[in-house]
Amino acid sequence: MTAPAGARPLSAQRPEKPVALVTGASGGFGAAVAVELDRLGCRVALHYNRAADGAREVSERLGNDSVVVQADVSDWDSVNALHHQVVESLGEVDILVNNAAVRKDSLLMSQSPEVWGEVIQTNLMGTFHMCRAALPSMIKRRWGRIINVVSPSALVATPGQTAYAASKSGVIALTRTLATECGRRGVTVNAISPGFMETRMTASATEKFRQNLAANLPVPRLTTPEEVAPAIGVFLDNGYLTGQVLSVDGGISLT
């Protein structure tokens, strides 16, 4: 369908070398996403909270301009300072990948309010903080991509994960609602839900757990960050895809 003559386009074109900010980029899935975005021509800001060496190691693997930045995503002032640093170093953020998260599993009846709240503050409030910092410029320039990393735990009940599941379910609701707020300004908001990957967050899982999980999947094996990360590219150029959760999980969300 052709737009009427003189009509203002809904969105601008993708920048030639977009600036991508990846939170939790010091290892695991965040590192794989940063490498993939670099391969797609982005200049990447790699966020870390405590693992500075890991973030620098990832930066050394990138071919395009990059910067390593530190912040506690649960703290608004820290996020605001991070955002200003990225803008000064690389330019306005075009692509935001909210990957930073913590998981502290425990049965609800024995988990302290402080620990439960820490998971919510980092995973859900941290996503809000990052979106709130980056979104105004995206809206102004009429192009942006926000990609939130969620989890099958938001859809499949797992004992001991009330905090983690609640935080990731909240991010899915945030994703869908924010998509309705900014789609008319050329900004899409989506989520990616990886399956069980071999990362630091899953390192404590036993071999028996891994084998049982893999055996019950429609695709009966576990995956790696490097296998999942290329799915990020689906969101970059398709301005009609918004408010969706892309599950790259071997079918675990179907079980």
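Visitor: How many bridges join strand β5 to strand β6?
Guide: This is a predicted model, and in it β5 (residues 144-149) and β6 (residues 187-194) run parallel and are joined by six bridges. Two strands count as paired with at least two bridges between them, so β5 and β6, with six, are a pair. As an example, Ile146 has Val189 in β6 as its bridge partner.

Visitor: What makes β3 and β7 edge strands?
Guide: Look at the order in the open sheet of seven strands: β3-β2-β1-β4-β5-β6-β7, with parallel pairing. Strands β3 (66-70) and β7 (245-248) each pair on one side only.

Visitor: Which strands does helix α4 touch?
Guide: Helix α4 packs on the sheet and touches β1 (19-22), β4 (95-98), β5 and β6. The direction of α4 makes about 170° with that of β4.

Visitor: Why are α3 and α4 called oblique to each other?
Guide: Helix α3 (residues 76-89) packs against helix α4 (residues 113-141) at an angle of about 40°, and their axes are 9 Å apart. Roughly parallel would need an angle under 35 degrees, and roughly perpendicular starts at 65. The pair is therefore oblique.

Visitor: Which residues of α3 make the contact with α4?
Guide: On α3 they are Trp76, Val79, Leu82 and His83, and they meet His129, Met130, Arg132, Ala133 and Ala134 of α4. The residues of this contact divide into six nonpolar, two polar and one charged.

Technical notes
Residues are numbered from 1 along each chain as its sequence is written. This is a predicted model: local features need pLDDT of at least 70, side-chain atom pairs count only at pLDDT 80 or more; totals for chains, interfaces and linings use all residues. Side-chain values use heavy atoms; hydrogens and water are left out. Axes are lines fitted to C-alpha atoms, for helices over the stretch in contact, and angles run from 0 to 180 degrees between N-to-C directions. Helices (H or I, at least four residues) and strands (E, at least two) are DSSP runs, numbered from the N terminus. Angles under 35 degrees count as roughly parallel, over 145 as roughly antiparallel, 65 to 115 as roughly perpendicular and the rest as oblique. Contact means heavy atoms within 4.5 Å. Ala, Val, Leu, Ile, Met, Phe, Trp, Tyr, Cys and Pro count as nonpolar, Asp, Glu, Lys and Arg as charged, and the others, Gly among them, as polar.
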